[in-house]
Amino acid sequence: MSRPSALTLPPRAHTHRLETTRGSFAALECTPPEDMSVTGTVLMVPGFLGSKEDFLPLLEPLSAAGIRAVAVDGRGQHETSGPEDEMAYAQNELAADVRALSAVLVGNTPTSPPLHLLGHSLGGLIARAAVLSASPAAPHPWVSLTLMSSGPAAIRPEQQKRVQLLIEWLPLLGKEQLWHEMQKLEEREAPGPDLAEFLHRRWLNTVPQQLTATGRQLTHEPDRVDELAATSLPTLVVCGQEDYAWPVPWQLTMAARLGAPSAVIPNSAHSPNAENPEGTARALISFWGAVMSPGRPHPSFLR
């Protein structure tokens with residue numbers, strides 16, 4: 001489970017709702033300083049058991065670089081409601097939500113700043129599906145895609161077993177009891193009381209059918225790397241140096257197959273966005289700068 005390092009909103013950040021053709025989504029947004037022009041917008045899609053708050057540590061450094069940073073709760077996640085129907089959380093439905101959110105962020109103005117798409121973990125699989133669902137009749141609006149701690153196919157077998165247990169225990173124990181069982185297996189240092197209360201509340205807010213449906217996606221996702229490579233969309237693969245969901249070599253091999261730059265963020269595991277936001281922000285800003293300046297080489301730490 002991803003968890004932010006703190007819950008305090010940085011300067012120029014606010015919570016609001018994005019109204020789309022597919023419903024209302026809870027969002028966190030941070031805009032650049034008033035005296036700085038906006039060079040781009042990024043839509044950030046959270047992972048399994050996650051929420052928009054997982055991107056809180058990235059908001060300030062990205063916005064200070066001229067990026068309008070927008071993080072959302074997906075359908076059925078935390079503060080975005082969703083139906084008690086697993087079919088509503090099929091990957092194509094979640095991908096359609098990403099397209100609808102992107103349409104709102106791009107707007108109808110021809111001079112709107114370019115839009116980047118970023119997905120963390122499960123969010124990377126959903127973002128990839130959104131890109132692959134584009135067609136000549138409905139082209140995608142993104143100038144780049146970032147896959148953060150998200151692999152080529154299903155998560156590693158050890159993690160598949162953990163997710164499968166969650167899926168099996170959820171209807172048997174209920175969310176409250178399962179939460180306490182999950183805490184017994186938590187290997188990280190216990191969070192402070194405010195963060196612990198938030199994590200508990202986020203878990204209780206998330207729709208059970210969303211957890212079940214997206215958990216199955218993590219354990220059954222096919223390899224779609226070649227499909228993504230065929231789109232020629234500029235892509236960055238970024239991960240922590242100790243990722244436990246998809247091993248780093250898997251992700252670097254995926255980057256090679258995509259012909260994409262990659263960045264391994266030191267001092268981080270599966271959530272470099274929260275564990276080393278400074279290093280992660282540097283990699284993102286450098287990549288987006290190279291995308292918007294085609295002749296500019298990627299920096300040395302993007303390989």
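Mentor: Let's start with how helices get their names: helices (H or I, at least four residues) and strands (E, at least two) are DSSP runs, numbered from the N terminus. This is a predicted model, where local features need pLDDT of at least 70 and side-chain atom pairs count only at pLDDT 80 or more, while totals for chains, interfaces and linings use all residues. Residues are numbered from 1 along each chain as its sequence is written, and side-chain values use heavy atoms, leaving out hydrogens and water.

Trainee: Got it. At what angle do α4 and α6 pack?

Mentor: In general, two packed helices are described by the angle between their axes and the distance between the axes. The axes are lines fitted to C-alpha atoms, for helices over the stretch in contact, and the angles run from 0 to 180 degrees between N-to-C directions. Here, α4 covers residues 157-185 and α6 covers residues 208-220; they pack at about 160 degrees, with axes 9 Å apart.

Trainee: And what do I call α4 and α6 relative to each other?

Mentor: Angles under 35 degrees count as roughly parallel, over 145 as roughly antiparallel, 65 to 115 as roughly perpendicular and the rest as oblique. That is why α4 and α6 are roughly antiparallel.

Trainee: Which residues make the contact of α4 and α6?

Mentor: Contact means heavy atoms within 4.5 Å. From α4 you get Gln160, Val163, Ile167, Leu170 and Lys175, while α6 brings Pro208, Leu211, Thr212, Gly215, Arg216 and Thr219. Sort them by class and you find five nonpolar, four polar and two charged residues. For that sorting, Ala, Val, Leu, Ile, Met, Phe, Trp, Tyr, Cys and Pro count as nonpolar, Asp, Glu, Lys and Arg as charged, and the others, Gly among them, as polar.

Trainee: Now charges. How many salt bridges does the structure hold?

Mentor: A salt bridge is a side-chain nitrogen of Lys or Arg within 4 Å of a carboxyl oxygen of Asp or Glu. This structure holds 17. Take Lys52 and Glu53: their closest N and O atoms are 3.0 Å apart.

Trainee: Are Lys52 and Glu53 buried or exposed?

Mentor: Buried means under 20% relative accessible area, exposed over 50%, and partly exposed in between (1.4 Å probe, protein chains only). Lys52 and Glu53 are both buried.

Trainee: Where do Glu181 and Lys184 lie?

Mentor: Both sit in helix α4, three residues apart, which is about one turn of the helix. Glu181 has a relative accessible area of 25%, so it's partly exposed, and Lys184 is exposed at 61%.

Trainee: What does the salt bridge of Arg257 and Asp223 tie together?

Mentor: The closest N and O atoms of Arg257 and Asp223 are 2.8 Å apart. Arg257 is in helix α8 (residues 248-258) and Asp223 is in the loop between α6 and α7 (225-231), so the bridge links parts 34 residues apart in sequence. Arg257 is partly exposed at 35% relative accessibility, and Asp223 is partly exposed too, at 41%. Elsewhere, salt bridges with shared partners connect Arg22, Arg75, Glu93 and Asp97 into one network.

Trainee: Where is Asp97, and which residues does it touch?

Mentor: Asp97 is in helix α2 (residues 91-106) and is buried, with a relative accessible area of 3%. Leaving aside residues up to four places away in sequence, Asp97 touches Arg22, Phe25 and Arg75.

Trainee: Last topic, backbone angles. What is phi of Ser149 near?

Mentor: Most residues other than glycine have a negative phi, and most peptide bonds are trans. In Ser149, phi is positive, near 50 degrees. You'll find Ser149 in the loop between β6 (142-148) and α4, and it is buried at 0% relative accessibility. Ser232 has a positive phi as well, near 65 degrees. Ser232 lies in the loop between α7 and β7 (235-240), and it is exposed, with a relative accessible area of 62%.

Trainee: Which residues does Gln251 touch?

Mentor: Skipping residues up to four places away in sequence, Gln251 touches Ser149, Ser150, Gly151, Val237, Val238, Cys239, Asp243 and Trp246. Gln251 is in helix α8 and is buried, with a relative accessible area of 0%.
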